[in-house]
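Have the coordinates open as you read.

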Amino acid sequence: MSIPDLNLLVTLDVLLAEGSVARAAKRLRLSPSAMSRALARLRETTGDPLLVRAGRGLVPTPRALELRERVSQLVQNAEAVLRPAEQIDLKQLVRTFTLRTSDGFVENFGAQLIARIDAQAPGVRLRFVPKPDKDSTPLRDGTVDLETGVVGKTAGPELRTQALFRDRLIGVVRIGHPLSQGEITPSRYAAGRHISVSRRGQDKGPIDEALKPLELEREIVTIVAGFSTALALARATDLIASVPERHTANLRAGMHSFLLPISMPTFTVAMLWHPRLDADLAHRWLRGCLREVCAQQGIDSFTDARVVDD
């Protein structure tokens with residue numbers, strides 16, 4: 001079965017609207033002879049004359065009258081499909097977005113994000129899933145709509161990224177801990193008992209590298225996979241947790257936070273998405289909500305530090 005030339009629908013729509021080959025040709029910027037050939041093709045395709053001579057003009061056949069409204073609607077629908085979307089009715093939007101985030105992000109930013117989305121688009125639901133690694137496959141295959149984290153070298157080169165905020169590592173201990181009072185020197189910090197945060201279970205990282213030139217070494221008592229776990233342990237023990245400041249602001253409530261006594265660079269937390277969602281209006285709106293929520297949270301005036309990104 002041959003595929004019909006759908007361009008003929010536009011030609012037919014104009015011909016039926018104008019009732020004149022010459023006017024239709026002018027409207028479509030074609031020569032009269034080209035329009036006559038198009039009309040001949042339409043007659044052959046539909047098996048109907050469509051427009052017939054009546055005096056010095058043309059009049060539509062009953063078949064043409066029957067088709068006129070349907071063809072006009074088809075062309076309008078096609079134009080709407082191909083036209084760039086301009087706006088979205090958030091109150092009518094029903095959709096579930098899957099966000100892949102690292103440990104602590106939901107606890108810190110989730111409540112504000114959900115509240116903002118519920119106020120603007122009550123039919124939208126968020127599904128938060130853990131981020132055990134930096135594999136970009138979930139973004140590529142569409143199982144994840146948006147991801148947050150530090151952009152690693154393994155991230156797919158085609159992915160879109162946008163910075164959310166800059167962050168730094170700080171030290172955190174329970175209220176009443178010896179490090180909650182007095183000056184914290186590299187020696188005092190290193191002499192404490194520490195929690196290492198590593199998704200891969202490693203007990204060494206950038207902090208340990210920064211302590212080496214000072215001939216200092218931390219005692220790692222335990223290794224955990226996430227920041228919220230590290231803070232829960234530090235809250236209940238004399239262990240020291242070193243975690244990102246903004247990423248864990250809510251989780252650190254009621255605890256003592258302090259500058260790391262070593263110089264380390266900051267790092268950027270970003271959101272990542274696949275380019276197929278770049279122009280999607282609902283996804284654009286979601287990205288805007290996340291940016292605004294992250295921007296609302298302030299940051300203390302601590303010196304630079306860096307996250308353990310393993």
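Arg-287 counts as buried, because its relative accessibility of 7% falls under the 20% cut-off. Keep in mind that this is a predicted model. The salt-bridge partner of Arg-287 is Asp-278, with 3.8 Å between the closest N and O atoms. Asp-278 itself is partly exposed, at 26% relative accessibility. Elsewhere, salt bridges with shared partners link Arg-100, Lys-131, Asp-133 and Glu-147 into one network.

How many salt bridges does a search of the whole structure find? The total is 18. Three of them are set out here, including the pair just described.

| Asp-278 | Arg-287 | 3.8 Å |

As for the remaining pair in the table, Glu-18 is partly exposed at 23% relative accessibility, and Arg-23 is partly exposed at 46%.

Now for the sheet. Five strands form an open sheet in the order β9-β8-β10-β7-β11, and their pairing is mixed. At the edges are β9 (219-224) and β11 (255-258), each of which pairs on one side only. From one strand to the next, the twist averages 35°. Within the sheet, β8 (residues 193-197) and β10 (residues 240-244) run parallel and pair over 2 bridges; His-194 stands opposite Ile-240 in β10. Helix α9 (residues 227-236) packs on this sheet, touching β7 (169-174), β8, β9, β10 and β11, and its direction makes about 145° with that of β10.

Finally, turn to Thr-61, found in the loop between β2 (57-60) and α4 (62-82). Is Thr-61 buried or exposed? Thr-61 is buried, because its relative accessible area of 7% is under 20%. Beyond its neighbours within four places in sequence, Thr-61 is in contact with Asp-48, Pro-49, Leu-50, Leu-51 and Val-52. With Asp-48 there is a polar contact between the two side chains, at 2.6 Å. Pro-49 is 12 residues away from Thr-61 along the chain, and their C-alpha atoms are separated by 7.1 Å.

Conventions. Residues are numbered from 1 along each chain as its sequence is written. This is a predicted model: local features need pLDDT of at least 70, side-chain atom pairs count only at pLDDT 80 or more; totals for chains, interfaces and linings use all residues. Side-chain values use heavy atoms; hydrogens and water are left out. Helices (H or I, at least four residues) and strands (E, at least two) are DSSP runs, numbered from the N terminus. Buried means under 20% relative accessible area, exposed over 50%, partly exposed in between (1.4 Å probe, protein chains only). Contact means heavy atoms within 4.5 Å. A polar contact is a pair of N or O atoms within 3.5 Å; within protein, one must be able to donate a hydrogen and the other to accept it, and residues adjacent in sequence count only if both atoms are side-chain atoms. Two strands pair if DSSP finds at least two bridges between them. Axes are lines fitted to C-alpha atoms, for helices over the stretch in contact, and angles run from 0 to 180 degrees between N-to-C directions. A salt bridge is a side-chain nitrogen of Lys or Arg within 4 Å of a carboxyl oxygen of Asp or Glu.
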